[in-house]
Amino acid sequence: MIEIAPSILSADFARLAEEIEAVTRGGASMLHVDVMDGHFVPNITVGLPVVKAIARTTKLPIDTHLMIEEPGLYVERFIDAGASLVSVHVETEPHLHRTLTCIKERGAQAGVAINPATPLVEIEEALPYADFVLLMSVNPGFGGQKFIETSLDKLRRLRRMIDERRLKTRIEIDGGIDRENIARIAEAGAEIIVAGSAIYGEEDPAEAVRALRDAALQWT
Ligand code: DX5
Ligand code: ZN
């Protein structure tokens, strides 16, 4: 089953509750919240108070993508703030086993995020204790970037890696996904698909979620 996770990074933050309501109406499965610290990535976005406020306004699971240094210090606080899924980057977390285990023990789903230029072998050992992999198909930091085409082959290899090991680890993909490329991405094995500008850059975000899901199902 394909799940669409709208990234609120491209939403109008002054009208966040309405923007969330729109994608909920469109059938979004979860809300993707991009947390950036200005160190690991060259941008600063939102943090704990915003996650807390979002949790008050929605029943959808909150998927926090932590693009921050030393994420292990903060995962519990994000879960306490209302996150149901938490992903940390392999490039900034040398203690993946400990941090992913900590996320799961606290009752959330644990994800390992990986940048476009980081080889899959870096996360191979972590797959058995990750609930999901967040495969970046742009360099993290900004919405509205172009999908890096080599991500498709990387996604296929990751799918094979997980299937060969008979693991249940899910694959989420993030960056540059739109109506044109989503079918190929779904076919390559992604299950959770993040989209920011392809949803909030459209006139009607609810309709944009539906259109993306319909386009994703085209490959079946
Ligand atoms: C990029 C973020 C993405 C971003 C996706 O660093 O992780 O979640 O919001 O936006 P689009 O879909 O516009 O590439
Ligand atoms: Zn993201």
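Start with the lining of the largest pocket. Its residues divide into 11 nonpolar, 11 polar and 3 charged. Keep in mind that this is a predicted model.

How much volume does the largest pocket have? About 250 Å³. There are 25 residues lining this pocket. The closest to its centre are F142, G143, D174, G175 and G176. Now look at the elements. β2, β3, β8 and α8, which spans 197-200, each give two or more residues to the lining.

So what takes up that space? Ligand 1 does: the space taken by ligand 1 is the largest pocket.

Next, the shell around the ligand. Which residues are the closest to ligand 1? They are G141, G144, D174, G196 and S197, out of 20 residues that surround ligand 1. D174 is a name to remember.

Now sort the shell by class. It has 8 nonpolar, 10 polar and 2 charged residues.

Which strands build this shell? β2 at 31-36, β3 at 62-67 and β8 at 192-195 each supply at least two residues. β2 gives the most, with 3 residues.

Zoom in on the backbone. A backbone N or O atom of G141 lies 2.7 Å from an oxygen atom of ligand 1. For G144, a backbone N or O atom lies 2.8 Å from a ligand oxygen. For G196, that distance is 2.8 Å as well, again from a backbone N or O atom to an oxygen of the ligand.

How much of ligand 1 does the protein cover? On its own, ligand 1 has 380 Å² of accessible area, and the protein covers 100% of that.

Methods:
Residues are numbered from 1 along each chain as its sequence is written. Chains are lettered from A and ligands numbered from 1 in the order in which they are written. This is a predicted model: local features need pLDDT of at least 70, side-chain atom pairs count only at pLDDT 80 or more; totals for chains, interfaces and linings use all residues. Side-chain values use heavy atoms; hydrogens and water are left out. A residue is near a molecule or strand if one of its heavy atoms lies within 4 Å of it. A polar contact is a pair of N or O atoms within 3.5 Å; within protein, one must be able to donate a hydrogen and the other to accept it, and residues adjacent in sequence count only if both atoms are side-chain atoms. Accessible areas come from the Shrake-Rupley method with a 1.4 Å probe; for residues, only the protein chains shown count as cover. On a 1 Å grid over the protein atoms alone, a cavity is a set of points where a 1.4 Å probe fits but cannot get out, and a pocket is an open set with protein on both sides within 12 Å along at least five of seven lines; lining residues have an atom within 4 Å of a point. A molecule sits in a cavity or pocket if more than half of its atoms lie within 2 Å of its grid points. Helices (H or I, at least four residues) and strands (E, at least two) are DSSP runs, numbered from the N terminus. Ala, Val, Leu, Ile, Met, Phe, Trp, Tyr, Cys and Pro count as nonpolar, Asp, Glu, Lys and Arg as charged, and the others, Gly among them, as polar. Grid points are joined across faces, edges and corners, and a volume is the space filled by probe spheres set on the points.
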